[in-house]
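Trainee: This structure is new to me. Please take me through it.

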Amino acid sequence: MMILPEFAVLGHPNEGKSSVVSTLTEDDRIKVSPVPGETRVSKSYSVTMDDKEIIRFVDTPGFQVPRQTLAWFRKNPGPDMVARFIAEHENNPFFADECELLTPVVNGAGIIYVVDGSRPVREDDLAEMEILRLTGRPRMAVINAKSDTRDNTEAWKEEFRKFFNVIRIFNSNHADFYERIRLLESLKAIDQDIEPLMEGVIQAFNMEWEKRNRMACAYIVHGMEQGLTFSLSRKMKADMDPVTLKEDLTREYQEKIRDIEHKMFGHIRSLFRHHLYDYPLPACSILRHDLFSEQTWEMLGLTRTQAATVGAVLGGTLGAVLDAAAAGLTFGIFTAIGSAVGAGSAFMGIRRLAKASSGLGGDRIQVGPNENIQFLYILLDRALLYYTHMSRRAHGRRDLPEAESQFLSKGEKAGISTLLTPKQHRVCMEFFKACRKKSATSGKKYSPAFGLLVASLLEDILKRHINP
């Protein structure tokens, strides 16, 4: 009986074995290539959670001569047939890949047999299936659909029913957390002896993802608190031009907010173990636009009507809020107030962000904290969009993500903010008001309620109840 669940991932070359292992282990260090035969040596990859190894998958070379191997098996039956085959042929280059891929099987690993469901079943495939049946090891067949235009799934299922305990469709390029859990659930059925072990693995996966969501929520709330409370101020000197000083402070303010968001995104990416592969955002993702760009403020956050309503509730005059939502302020902080600042949205005006004050120490110019609640919703939408990309991205995928269609009519929004209920908007407003206050105690007063709101949104995204 296995002490640690271990499964050898087997199949023909270029069927997606390495991609399946990469996705199941959340390991983007595993080399995945469209070139057949890249994997020549079997290698084990473990899933570790809280510094404890819970399951192991072995990436293997593809079958090269299955019909010749099957012929040997049929001529040399017996309980130790696989071990005898390896002993007899381990130094024979003709059977090198077969010996390599069967070694973890003879050492006690269960079998996950991977095929590309877009192609038809061939004679070599039938020989491979019969070899695996003759090993006597617990086994599951996985149909890894690699094409959206060709589908031979039913033909594969018909053949698989003759050779395998369990059949599962699993697209390693798109499988999310719940698809991985369902595959692990299926592995319980291939052998009653490993069922308790697999239940422990599944429990560990669920606990790990609950922890990740809690951490992601904490990073988002903390990042938003930082962004909403941040401000800069400078003392005006006699030889200073106030407009130039405002430009400089505005640029510094924007860079600091970008840095806060960048660090928040980095934490989220690390939580979901996207480390080495340079994952580009989808070509049409709104996150490709700068936080302070006009496109971002047009496509995320509240609608003009919603912004007016929320702003009025917060105590601002309706006219001022409508003006701020109308994308046309002459002195908008995101419009060009100089080449140093560049283009951007007109949802937040310099008149509302930059303030001049006088005191015993002399005149000062201050930029921030941002007093437009639309800024909260922009930050929230961007954080939730990034979380969606990271939590749903399969580690085995190596191609560039497809362009996401973003055909929105004028005034239509692409984020989650517009979908919030009135009760959820009230939580956002209370959090925003708390952030506007300078007292550290007040700043933390409403974080638990806002944190619960963010946590519920993350769970809805993970379960695909909402799709940003």
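Trainee: At what angle do helix α8 and helix α15 pack?

Mentor: This is a predicted model: local features need pLDDT of at least 70, side-chain atom pairs count only at pLDDT 80 or more, and totals for chains, interfaces and linings use all residues. Residues are numbered from 1 along each chain as its sequence is written, and side-chain values use heavy atoms, with hydrogens and water left out. Take α8 as residues 195–229 and α15 as residues 422–436. Their axes (lines fitted to C-alpha atoms, for helices over the stretch in contact, with angles from 0 to 180 degrees between N-to-C directions) are 9 Å apart, and the angle is about 50°.

Trainee: What does that make α8 relative to α15?

Mentor: Angles under 35 degrees count as roughly parallel, over 145 as roughly antiparallel, 65 to 115 as roughly perpendicular and the rest as oblique. The angle here is about 50°. So α8 lies to α15 in a way called oblique.

Trainee: Which residues of α15 make the contact with α8?

Mentor: Contact means heavy atoms within 4.5 Å. On the α8 side sit Val 221, Met 224, Glu 225, Leu 228 and Thr 229. Facing them from α15 are Phe 431, Phe 432 and Cys 435.

Trainee: How many helices and strands are there in the protein?

Mentor: Both are DSSP runs, numbered from the N terminus: helices are H or I with at least four residues, strands E with at least two. The protein has 468 residues. The count is 17 helices and nine strands.

Trainee: How many bridges join β1 to β4?

Mentor: β1 also pairs with β3 (residues 52–59), in parallel, over four bridges. Phe 7 has Phe 57 as its bridge partner in β3, and it stands opposite Gly 110 in β4. β1 and β4 run parallel too, and their bridges number five.

Trainee: How many residues of β1 are buried?

Mentor: Buried means under 20% relative accessible area, exposed over 50%, partly exposed in between, with a 1.4 Å probe and protein chains only. Glu 6, Ala 8 and Leu 10 point one way, Phe 7, Val 9 and Gly 11 the other. Strand β1 (residues 6–11) is largely enclosed by the rest of the structure, because its buried residues number six of the six.

Trainee: Which residues does Glu 6 contact, leaving aside neighbours within four places in sequence?

Mentor: Glu 6 belongs to strand β1. It is buried, with a relative accessible area of 17%. Its contacts are Ser 44, Arg 56, Val 58, Ala 109 and Gly 110.

Trainee: How far apart are the ring centres of Tyr 113 and Phe 164?

Mentor: The structure holds 19 aromatic pairs (Phe, Tyr and Trp rings, the six-membered one for Trp, with centres within 6.5 Å; planes under 30 degrees apart are stacked, over 60 edge-to-face, the rest tilted). Tyr 113 and Phe 164 are stacked, with 10° between the planes. Both residues are buried. Centre to centre, the pair spans 5.5 Å.

Trainee: How many residues apart in sequence are the parts that this pair ties together?

Mentor: Tyr 113 lies in strand β4 (residues 110–115). Phe 164 is in the loop between α6 (153–160) and β6 (166–169), so the parts tied together have a separation in sequence of 51 residues.

Trainee: In which helix is Phe 375, the stacked partner of Phe 292?

Mentor: These rings are 6.4 Å apart centre to centre, with 20° between the planes. Phe 292 is in the loop between α9 (242–271) and α10 (294–299), 83 residues away from Phe 375. Relative accessibility is 1% for Phe 292 and 0% for Phe 375. Phe 375 is in helix α14.

How values were computed: Two strands pair if DSSP finds at least two bridges between them.
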